[in-house]
Structures are given as C-alpha cells and as structure tokens.
Amino acid sequence: MPFQIVRNDITAMQVDAIVNTANPRPVIGAGSDALVHRKAGSALLEARQAIGAIRPGCAAITPGFDLPAHYVIHTVGPVWRGGVFGEAKTLRSCFDSSLKLAAEYHCQSVAFPLISTGNYGFPPEKALQIAMAAIREFLLEQEMTVYLVVFNREAFRLSEKLFRDVTSFIDEHYVLETQRIEYGMAPPEESVRRRQEQDTAASDICQAPRILREESSAAYTAPKQAIPQQKPRRPRASAPKMSLSLRDLLQRTDAGFSETLLKLIDQSGKKDSEIYNRANVSRQHFSKIRNNPHYKPTKPTAIAFAIALELDLEQTRDLIGRAGYALTRSSKFDLIIMYFISQGNYNLYDINAALFEFDQSLLGA
C-alpha cells in the first residue's frame, strides 16, 4: 500500500528514511527529536552539526546510524502562532522538501510524524490535512511507500465536523441495523410496548368473572355449517429436467472482478496509473490484477478501486460483489464507506483517516 497510517514509535520503523522534526539550530531539541538522537546514538548529533542551521520549511538528510532506518531526514516545522504567519505554507514545505529528498536518495519507503503538532502546537486536524494533501500529490507522480506514524490517539485528529458527521451516520445506521437483527423491524421500545399491551389484554380475559363465561357458553349455540366437498387434487407436474450441465452454467457466469475492473477503467477514459494511484495500490500489485483474470482482491482493495473510479453505491456493490463481498449496515467499516460515497467524497486519504480514527482496516492493497 503506497500510503499507510500506523500507530507506532517512529524510531522503530524499518524503512529507508524517517523524518525528524528538528531544532533549527544543530542541537538536540525536545520531544521526538530527543528520542531520535537517543536511539541513533551520538554520531547523529555530529552529522547534524556538520549540516548547521536549517530554516523552517527546509530539510536535510543524514545517515540513520543505530536506527533501523537507513536515513534521517531533518526538517524544521513552524511554531503555531494562530495561523496568520504562514504556518500552513511552512508546514507544507516541510513535507514537500522531505519527500523530494527521499526521492533523490532513492528511498522506497519513508515514515513521517505529524510535524509540529507536539511542542510547536500546530493543531493536529489542520496538520493532518496538510500532510495528506502533500503525500497524495507526491504519490501521483512517484513510486514510494509513505507512512504517517501516529504515536498515540491524541496526536491524530479528524476535523471536528467530519468526525461528528461520520459518528452520527454510524450511530444512526448501526443502531437501526442492530435493532432490526435483535428485535425485528420494530425498535426495542416499540416491541416492549406491544408486548405489554398483549399481556394486559390477556390478563383482562383471564380475570373475567367465571359465571359470565359459563352463562355465555350455555346461551351460545353454534350454528351448523355445511361441510364443503373437497375437489379432487390434480397430480403435480413433474419439474423439467435441467438441460444445462454444471460446466455450461459455470461458463455463463458473470464477468469476474478483474475483467469488470479493467472494463470500468477503459470506460472512465483514465490511465491505469491514475486509477491505481488513487486506489492506493502499487504498480506491481496492479500488474498482478491485469495479468490474472481470476484475481481475488481483499475487500479493502476492491472498495479502493470503487472509490478511485468514483462509483455510486449500487455500482460499488456490483463491483465488490464480483469478488464475493457486500456492504452491510452491521459493519462500521462498511458504514464509513457508505457515508463517504453518499456524500460524494471520493478522497481516499480522507476515507482512510476516518477508518483509522475508528480503528478499521485502511483502503488499498
């Protein structure tokens, strides 16, 4: 998967390069910078001193020394001062400069923290949007695996409105579906009310005076009814024999996932690379799909292609159904997908951020 959000310690990432939020001066800063230097060893500070000062928004690269990563990319993020001093532009430059360096050093994988969201006070929800925009644009042109590493949940935050809207959508549909499964179509309150009414009616009948029931029984004489004569039943016609063999039936099945996907891409008029990049799928993985008509994707991969092609809900169900999957209201993962499609938001990075926030699998291969 070219882009992944993971919860981890960035110094433990086994990648070609990790990005470090560095002090502008060649000294060991606080927070994650101190952790990176401690894990890398004293040689990292010597290499950092050889570089000298780094301006905010710029980046420099050193070896990783004792870290699992081969390189450390040092970038200086902006200090948040209300957002009126170009902080967003500077933060975007941090990501752009770091990604450019990673490409120049032929890195196949790079791991970012959410730059400036710690001691520098940049709002996490704003930093997340800037980070994903920069990574998305970079991966449209470059082949690389980019990780956004989140140390804890407090450091990762969707915009308040998006989080509230997704939560509301999940609650509404998830609760209704749970009620349908557990209580039938009526919600539990309605089921309880009906049961109470039935119990009350039964209780009234049972407590009626016995003499009244006996008198009513004695006074009532049921009229005689003629018993209708039953018509003789006609013998059932035997079921027609199947003229098609199993082989014939299998040959008449619908097109599979791979064939349908390739047809949809051709119909969209877009290049293969545009679709698999938007689906968060690598070129190598897409080659497997193209060359294997019997390819069976995972559900997140199948849905990722539906998102990349901007299919509506019915079209999405049809495409993933050809791989044996469905969308249901009893799954939070499915509900999040349904929410974004119903809103016409096909930004896979936004969808993956929401999936990560709700502890669900991310889209892509």
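Which residue in β4 does Ala 17 stand opposite? In this predicted model, in which residues are numbered from 1 along each chain as its sequence is written, local features need pLDDT of at least 70, side-chain atom pairs count only at pLDDT 80 or more, and totals for chains, interfaces and linings use all residues. Side-chain values rest on heavy atoms, with hydrogens and water left out.

Ala 17 stands opposite Tyr 71 in β4, and β4 (residues 71–75) pairs with β2 in the parallel sense over 5 bridges, where pairing requires that DSSP finds at least two bridges between two strands. Strands (E, at least two residues) and helices (H or I, at least four) are DSSP runs numbered from the N terminus. A parallel arrangement also relates β2 to strand β5 (residues 109–112), through 2 bridges, and here Ala 17 stands opposite Val 110. Because 5 of the 5 residues of β2 (residues 17–21) are buried, the strand is largely enclosed by the rest of the structure; buried denotes under 20% relative accessible area, with a 1.4 Å probe and protein chains only. Ala 17, Val 19 and Thr 21 point one way from β2, whereas Ile 18 and Asn 20 point the other way.

Key: Buried means under 20% relative accessible area, exposed over 50%, partly exposed in between (1.4 Å probe, protein chains only).
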